[in-house]
Amino acid sequence: RMNVAAVATVALGLVAGCATTPSGQPATAYEGARLIVGDGRVIENGTLVVEGNRLAQAGAAASVQVPAGATRVNLAGKTVMPMMIDTHVHLSTERDALVRDLKQRAYYGVSAALSLGTDGYELLDVRGQDIPGAARFYSAGRGITMQEPGRTNVPYWVSSAADGRKAVEELAAHKVDIVKNWVDTRDGKYKTLTPEIYG
């Protein structure tokens, strides 16, 4: 039995040597799969048509027009689903381990992961790299919080609005994907960021 993510990779990744459509793009029809659409629907005996590196059609077999000359791949008995997006993770902070993390997530069906607040700037270049078999990497860089003894030195420790502005300016200069603030007391152990600071 194949795992679902592997089937999705097969269904959406194998287009080499296929017939071409009128647009000149290679076309492959993946037929007979159970399609989990992602909006609650499940389509038994579904067909996916991939043109070039683009998913052109997906639906019940009877409703999909397969381009003439398309390569046909039988996926009967297999399940295909959209890859997931993980919007809150804390990934490894060392390059090789980060790449392993991203590949592991892709294996389990995660196409993109957003790391929130524990990344140093030296890893942000991974966001623009094409890593085969890996989820896309997005990052908040360094998070912003009040001083919390025991926390790693990656987050910005701030105690004023001026500190907060300085942290955000540095984050913007590194073109992070999102700004992460920790606004909690960690079960009453620490002071929380005030609205003036996190604003």
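Before you click, know that the model is predicted: local features need pLDDT of at least 70, side-chain atom pairs count only at pLDDT 80 or more, and totals for chains, interfaces and linings use all residues. Residues are numbered from 1 along each chain as its sequence is written, and side-chain values use heavy atoms, with hydrogens and water left out.

**Stop one: Val66**

Select Val66 and you land in the loop between β4 (54-60) and β5 (71-74). Strands here are DSSP runs of E with at least two residues, helices are runs of H or I with at least four, and both are numbered from the N terminus. With a relative accessible area of 23%, Val66 is partly exposed; the scale calls residues buried under 20%, exposed over 50% and partly exposed in between, using a 1.4 Å probe and protein chains only.

Now show what Val66 touches: leaving out residues up to four places away in sequence, you get Ala29, Glu31, Thr47, Val49 and Arg72. A contact means heavy atoms within 4.5 Å.

**Stop two: Arg72 and Glu31**

Keep two of those neighbours on screen. The side chains of Arg72 and Glu31 form a salt bridge, 2.4 Å from N to O. That term means a side-chain nitrogen of Lys or Arg within 4 Å of a carboxyl oxygen of Asp or Glu. Arg72 belongs to strand β5 and Glu31 to strand β2 (residues 26-36), so this pair ties together parts 41 residues apart in sequence. Arg72 is exposed at 53% relative accessibility, while Glu31, at 21%, is partly exposed.

**Stop three: Asp125 and Arg95**

Next, pick Asp125 and Arg95, whose closest N and O atoms are 2.9 Å apart in another salt bridge. Asp125 is in the loop between β8 (110-115) and β9 (136-139) and Arg95 is in helix α2 (residues 95-107), so the pair links parts 30 residues apart in sequence. Asp125 is partly exposed at 39%, and Arg95 is partly exposed at 31%.

**Stop four: a network**

Finish by selecting Glu148, Asp184 and Arg186, which are joined in a network of salt bridges. Between Arg186 and Asp184, the closest N and O atoms are 3.5 Å apart. Arg186 is partly exposed at 29%, and Asp184 is partly exposed at 30%.
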